[in-house]
Amino acid sequence: MAASDKSVDDSLYPIAVLIDELKNEDVQLRLNSIKKLSTIALALGEERTRSELIPFLTETIYDEDEVLLALADQLGNFTSLVGGPEYAMYLIPPLESLATVEETVVRDKAVESLRTVAAEHSAQDLEIHVVPTLQRLVSGDWFTSRTSACGLFSVCYPRVTQPVKAELRANFRKLCQDETPMVRRAAANKLGEFAKVVETEYLKSDLIPNFVQLAQDDQDSVRLLAVEACVSIAQLLPQDDVEHLVLPTLRQCASDSSWRVRYMVAEKFVDLQKAVGPEITRVDLVPAFQYLLKDAEAEVRAAVATKVKDFCSNLDKANQVQIIMTSILPYVRDLVSDPNPHVKSALASVIMGLSPMLGAYQTVEQLLPLFLIQLKDECPEVRLNIISNLDCVNDVIGIQQLSQSLLPAIVELAEDSKWRVRLAIIEYMPALAGQLGQEFFDQKLRGLCMGWLNDHVYAIREAATLNMKKLVEQFGAPWAEQAIIPMILVMSRNKNYLHRMTCLFCLNVLAEVCGTDITTKLLLPTVLLLAADPVANVRFNVAKTLQKISPFLEASVIDAQVKPTLDKLNADNDVDVKHFAAQAIAGIAAA
């Protein structure tokens, strides 16, 4: 019996250490122990967890924020460790305390865990344990507890009796009218979520007055959160009610004195459009959209410019073209030459999407002139955004309409002083080549692609070699043999060793897409030739290249040509050359 007791003591010893660490002065040790709380709870058993561990944790709430955050997170998954849903109420006290601390992230995590634990309560326990907690938080002296309370209404409301529901609605109204802006902000943030669980009659009588009030708050940080609630409320009401109860407030938000509120309206515009339906969109939202497109603040114009395509695509199909042509396009035309580059760039990323909606004739007549203005824009991002969305227009009118004006812009971007702009156009080149076709590409763009291989920035040379591989995948190995391989092989004789290295990098990737014949006949002789290069960096890259292209060579060729060259490199004076040669020999032997 004594031995058995000793084994129990031994098994609990690590747990005793963990519990001691919970009290340790070292924050990291306390944090580590909190993260292992579930282990401690499992060892203690459900009853001791309820009677000892949870009270102990409730007393240690005054700790570093990092420790409290970990504790709030752990307690959300603790229901099974205290004995299941019927004992979930034991987790409420520590979480309630955590929901009142000063640090926002701790409070947010505590509320998240409280919501999880509340959902696990039975309806009866919810009223007995969770609702009183919510009411205590609502009437707390500190704003911290009142902000936390806002997150619990939507979890409690659906499962309580009518009298309690009335009480909860009254409490929420109280928080919407709180004297502290942070509390009103939290209420505005959770208003949409609460609206989804409240009955329609009370939504109209209780919550919409709160919404109207929050949308007129003297703090713009509260008003902008009311915009988000506007989307949720509009989705829940029939069209007539939306028109009378929501739209006046929405119109007011769209012309708010604070640009941050107008920016939020711009961000949520397509969601609002889907919520209110086509008729209200045509009558009310189109004018609001126009208003935002000519907003005084560039941030608002940029935000709404990104919504142009989605807003237009969600318009009523019967009137879509007419609304775009008469009500949207004139404003878009102004944004094309907006003084702010972010606005022009935002528009350029979506304007091509109007083409499929308007059809070939209107694209050529109305949109093409705008695209051409953007292709000549001084801002490289604008030109790049147009070029990278060309496929939309190509599908509608064909690339020939664009190619004459397109080419100067591509050339300019390809030679831009900012290397990241050059990199972006390289990455788009294979798709562009597919749209333009092989003949046009050979005539106009092949020279550019070859030029990138000699760029002074390594990242550009590296991207240019991958670009070559993608172009061969696009146009095929016979094209590569005739059009680009001869030009790449010439680089092996360049006086600058960096160009000779780039030649090797190209041969590495081309072997993958050109097949055995071309690799043996054209690529391998050049690689073998460079094995005698005076620069050690080139020679060890020869060894690496031979290993990479060997899977695309016949065994007889490897034995006759590759292995003797690697043996020679393995006897090189340079230590790096010997290393990579030995690595290549081992790699080929293992293959």
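Ring pairs link F153, Y157, F172 and F194 into a cluster. The model is a predicted one, where local features need pLDDT of at least 70, side-chain atom pairs count only at pLDDT 80 or more, and totals for chains, interfaces and linings use all residues. Residues are numbered from 1 along each chain as its sequence is written, and side-chain values use heavy atoms, with hydrogens and water left out.

**Exercise 1: the ring cluster**

Task: work out how F194 pairs with F153 and with Y157, and say where these residues lie.

Solution: 
- Step 1. Get the rule for pairs: rings of Phe, Tyr and Trp (its six-membered ring) pair if their centres lie within 6.5 Å. Planes under 30 degrees apart count as stacked, over 60 as edge-to-face and the rest as tilted. The structure holds 13 aromatic pairs.
- Step 2. Take F153 and F194: the ring centres are 5.5 Å apart and the planes stand at 55°, so this pair is tilted.
- Step 3. Find the two on the chain. F153 is in helix α10 (residues 153-156) and F194 in helix α12 (residues 181-195), 41 residues apart, and the pair links distant parts of the chain. Helices here are DSSP runs (H or I, at least four residues), numbered from the N terminus.
- Step 4. Check burial, where buried means under 20% relative accessible area, exposed over 50%, and partly exposed in between (1.4 Å probe, protein chains only). F153 has 0% relative accessibility, so it counts as buried. F194 is buried too, at 1%.
- Step 5. Now Y157 and F194: with centres 5.4 Å apart and planes at 85°, the pair is edge-to-face. Y157 lies in the loop between α10 and α11 (162-176), so its pairing with F194 in helix α12 ties together parts that are 37 residues apart in sequence. Y157 is buried, as is F194.

**Exercise 2: charges over rings**

Task: which rings have the charged ends of R50 and K544 sitting over them?

Solution: 
- Step 1. The test: NZ of Lys or CZ of Arg must be within 6 Å of the ring centre and within 35 degrees of the ring normal.
- Step 2. R50 has its charged end over the ring of Y87, 3.8 Å from the centre.
- Step 3. For K544, the ring belongs to F580, and the distance to its centre is 4.8 Å.

**Exercise 3: two helix pairs**

Task: describe how α15 packs with α18, and how α19 meets α22.

Solution: 
- Step 1. Axes are lines fitted to C-alpha atoms, for helices over the stretch in contact, and angles run from 0 to 180 degrees between N-to-C directions.
- Step 2. Helix α15 (residues 239-254) and helix α18 (residues 278-293) pack at about 5°, their axes 11 Å apart.
- Step 3. Contact means heavy atoms within 4.5 Å. From α15 come Q239, V242, E243, L247, L250, R251 and A254, and from α18 come I280, D284, L285, A288, Y291 and L292.
- Step 4. For the second pair, the axes of helix α19 (residues 298-305) and α22 come within 8 Å and cross at roughly 5°. So α19 is roughly parallel to α22.
- Step 5. This contact is made by A298, R301, A302 and A305 of α19 with H342, V343, A346 and L347 of α22.

Definitions and conventions:
Parallel < 35°, antiparallel > 145°, perpendicular 65-115°, else oblique.
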